[in-house]
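Hi,

Here is the structure I promised to pass on. Have a look first, and my notes follow below.

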Amino acid sequence: MNLEKEKTQKRVKALATFLARGKKEGKNLSELFSEYAKKTGKAKGSIRNLYYESVAKTEGSPHLKTRLFGKEDFSVQKKKTFSQTEEEGLLLRLFTLKRKGVSVRSALAVMAEHSPSLALRYQNKYRNLLTKNPSLVLRAVARVKEETGYCFNPYEGKKKAEISPVKQRKESALAKKLNRLKKENARLKEKLSLAESKVTQTALALFPAPTNVPTLSPTQTEKQA
């Protein structure tokens with residue numbers, strides 16, 4: 001996005017005016033992005049991106065920032081990052097809670113004191129660690145296992161015993177049904193074979209092959225020809 005373009009500046013100024021008025025009414029940015037998107041017919045994501053990108057690009061240019069936003073203090077909150085100690089602490093707490101039989105999502109919700117935004121942040125960090133830092137994850141697994149005797153390992157595939165009882169019952173019922181069908185198929189094949197044999201015997205009884213049929217000698221055959 002080029003903020004030097006007049007058309008772009010008009011878009012940013014219009015958005016800034018709308019946001020400033022909404023902030024005075026006590027509305028948050030998410031609400032205002034939705035309202036402005038509805039008003040302009042644009043996607044909410046496009047409005048949000050326009051705001052954050054324009055704010056970020058004016059951080060080093062006070063003159064441009066004043067020209068676009070006036071006296072309004074629009075800023076982007078710096079993204080909080082986890083330190084390695086915090087990452088390890090998150091894993092240790094999570095794996096300790098998992099020992100109680102709760103799901104990962106439930107454990108993270110407890111850790112976040114049921115704050116949806118914080119729980120989502122923890123969940124994203126956990127998934128990131130699983131993909132990009134498996135060594136840290138496995139160290140946490142080993143530590144919890146050493147201290148408690150057991151630890152959930154997110155990299156291990158599900159064992160047969162861990163399959164849900166409902167799924168086990170369904171698989172067992174399906175196996176039994178397939179076995180019954182195989183037996184029924186074999187029985188029907190045998191029954192069909194017996195039926196064909198009886199039909200053949202009946203046909204021979206009703207239409208026996210003729211006996212004492214005279215045969216012509218080669219000489220007789222030549223004369224008839």
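Let's start with a pair of helices: H6 and H7 cross in a right-handed way. Keep in mind that this is a predicted model. The residues that touch are Val 104, Arg 105, Leu 108, Ala 109 and Met 111 on the H6 side, and Ala 119, Tyr 122, Gln 123 and Tyr 126 on the H7 side. To find them, look for H6 at residues 104–111 and H7 at residues 116–132. Their axes lie 8 Å apart, and the packing angle is about 130 degrees. Angles over 145 degrees would count as roughly antiparallel, so this pair is oblique instead.

Next up are H5 (residues 84–98) and H8 (residues 134–148), whose axes come within 9 Å and cross at roughly 50 degrees. That angle therefore makes H5 and H8 oblique to each other. Here too the crossing is right-handed. From H5, the residues involved are Gln 84, Glu 87, Glu 88, Leu 91, Leu 92, Phe 95 and Thr 96. They meet Leu 136, Val 137, Arg 139, Ala 140, Val 141, Arg 143 and Val 144 of H8.

Then there is H1 (residues 6–24) with H3 (residues 44–57): the axes come within 11 Å, crossing at roughly 100 degrees. H1 is therefore roughly perpendicular to H3. On H1 the contact uses Arg 11, Val 12, Leu 15 and Leu 19, while H3 brings in Ile 47, Leu 50, Tyr 51 and Ser 54.

Finally, something on the surface. Leu 174, Leu 178 and Leu 181 make up a nonpolar patch there, and together they have about 300 Å² of accessible area.

Cheers

Definitions and conventions. Residues numbered from 1 in each chain as written. Predicted model: local features only at pLDDT ≥ 70, side-chain atom pairs only at ≥ 80, totals over all residues. Heavy atoms only, no water. Patch = residues over 30% accessible without salt bridge, like charges linked within 9 Å, V, L, I, M, F, W, Y side chains within 5 Å. Areas by Shrake-Rupley, 256 points an atom, 1.4 Å probe, with all protein chains shown as cover. Salt bridge = Lys/Arg side-chain N within 4 Å of Asp/Glu carboxyl O. Axes fitted to C-alpha atoms, helices over the stretch in contact; angles between N-to-C directions. Helix = DSSP H or I, 4+ residues; strand = E, 2+ residues; numbered from the N terminus. Parallel < 35°, antiparallel > 145°, perpendicular 65-115°, else oblique. Left-handed = near helix turned anticlockwise from the far one by under 90°. Contact = heavy atoms within 4.5 Å.
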